[in-house]
Amino acid sequence: MGFYVTTPIFYANGRPHFGHAYSTMAADVLARHMRQRGEDVFFLTGTDEHGEPIALAAEKAGITPQELVDRSAVEFRQMVADVGASNDFFIRTTDEGHRVRVQEFVTRVKENGFIYEDDWEGWYCDSCADYIGESDAGPGETCPIHVEEPLRRVAERNWFFRLSAFEDDLERLYAERPDMVLPEFRRNEALGLIRGGLRDISISRSKLTWGIPVPWDPDQVLYVWFDALFNYYTALGYARDGEDLTERFWPFSCHILAKDILKFHAVMWPAFLMAAGLEPPHRMFIHGYLLMGDEKMSKSRGNVLDPFEVIDTYGADALRFYCFREVSFGRDGNVDLEGFRVRYETELANDFGNLASRTLAMVERYRDGVVPDADPEPELAGDFEGAVSALEAFLDELEIGRGLETIWELVRRLNQYVEESKPWELARSETEEDGRRLDSVLYGLAEGLRVVTLMLHPYLPDSSEKLLAAIGQEELALSEFGSRPGGYRVEKTDPLFPKIEAGDRA
Ligand code: ME8
């Protein structure tokens, strides 16, 4: 069974922002962690390039939609690289491979009897690219989400998807798969939408040309969500030349997304798949919103955290660490520059950076750079018992923040161990017993550092690799405390998380 993790595909009409970076980092932590466990992993991200909002943005900018999405895809690819993501493929919905497969699916859904033609009249929000029910339109016919935007009255002859036919199937699916949608409160929200009754949805647009043509009615293009959601499935068919990955990875997907697109993923997507005769996704995790302090509203503009400036100054690891330490994954949470700096200094530089530099320096000073071949003290070994499986259990539940918290308890425990065992006093002593104890202490510290660094690798890919290289740990697989014998040489490294002077600050 493979492990297939995805981010939403981001709209190619805006600039990449913190929210996009956040979902990408989360998916990356899971992908890297599962690779460490020897799982067969595929990590997908990309851009959503069709639909009215994109056509409108291109018109405004005086360029063609294709030019707009080509530029935007470059920026999103850069964002993905900047946050250190290890994605296996970057899908663009303008890819030919995607288009032909979407056309196949929609044809299959029609053959299965779930698509029909009908007239429609109602409210439409250009920014949502969605129809708004009569009762959902805000006062003065504005969008309930884009409250400033007037809705458009539209009348069209369109193709419709029989979403209403899936109420019972969806209800049954949710009962059979209690953890398909996580966290639980989001699952309940989705169930509420299903139980509230589902309306059929229009899946084509007649006045738009920027999209995938409806195969049997080329004057219309497919509704952008009908096209976009299928990316999770189509990519597997053409991401690797000459190899179809579908059997290996579908339905073992784990979709990462935020609450804004819950309805599309938790209600429509499983229904689309069932209608095409395909397995619904294995899992999806709906995370919260990062609240970043609006430029206009924020009293001190100076405290707004720009993720890309932070990466330039402090590196991607620092940003990844901060996000998953600061905000409980699944909940909304505030992020700001001051909070970032505090965690950088107190946790990354002091807790972890110092633990690493102290440990390596003591092995150098007291044992000429060779970790003693000794047994660890039982108490320290005891504190590491079950640590790897605890981390695995959290990440199996996609609890990225709690996973990091478990690791951090060990980092703190190791620092406390340095204080308690006082290696510098043992080193001054002339007795054989203290010499042996120093061997055990140094072995335990080096071994603890190795184990936590491996566990931290998905969160801090760059700095962990530097440190693992310094201790000659080549394998990235998670490893139990006590499993690497001493007798190996370590090298010092430059500080992993250097002090950033005011002038260098983001
Ligand atoms: O909705 N905090 O694209 P999009 C955390 N193309 N995450 C955030 C966020 C925030 N403040 N703001 C955005 C689309 N996100 C569609 C998706 S999928 C088949 C099609 C993240 O560019 C979060 O993952 O508007 C959210 O779901 C996504 O960006 C929306 O990205």
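1. Leu290 and the ligand. In this predicted model, a polar backbone atom of Leu290 lies 2.9 Å from a nitrogen atom of the ligand. Leu290 is also among the residues that come nearest to the ligand, together with Ile9, Ser23, Asp48 and Asp260.

2. Gly19 and His20. Two further ligand pairs deserve a look. For Gly19, a backbone N or O atom sits 3.5 Å from a ligand nitrogen atom. For His20, the side chain takes part: one of its N or O atoms is 3.0 Å from an oxygen atom of the ligand.

3. His265. This residue belongs to helix H10, which spans residues 262–275. Is His265 buried or exposed? Its relative accessibility is 1%, so His265 counts as buried; the cut-off for buried is under 20%. Its side chain makes a polar contact of 2.7 Å with the side chain of Tyr232. Beyond its neighbours within four places in sequence, His265 touches Tyr232 again, plus Trp225, Leu229, Leu257, Pro270 and Met284.

4. Helices H11 and H12. Two packed helices are described by the angle and the distance between their axes. Here H11 (residues 307–314) and H12 (residues 316–326) have axes that come within 7 Å and cross at roughly 125 degrees. H11 is therefore oblique to H12. On the H11 side, Pro307, Val310, Ile311 and Tyr314 make the contact. H12 contributes Ala316, Ala318 and Leu319. By class, the contact holds 7 nonpolar residues, with no polar and no charged ones.

Definitions and conventions:
Residues numbered from 1 in each chain as written. Predicted model: local features only at pLDDT ≥ 70, side-chain atom pairs only at ≥ 80, totals over all residues. Heavy atoms only, no water. Helix = DSSP H or I, 4+ residues; strand = E, 2+ residues; numbered from the N terminus. Buried < 20%, exposed > 50% of the residue type's maximum accessible area, 1.4 Å probe, protein only. Polar contact = N/O pair within 3.5 Å; in protein donor to acceptor, adjacent residues only side chain to side chain. Contact = heavy atoms within 4.5 Å. Axes fitted to C-alpha atoms, helices over the stretch in contact; angles between N-to-C directions. Parallel < 35°, antiparallel > 145°, perpendicular 65-115°, else oblique. Nonpolar A, V, L, I, M, F, W, Y, C, P; charged D, E, K, R; others polar. Near = heavy atom within 4 Å.
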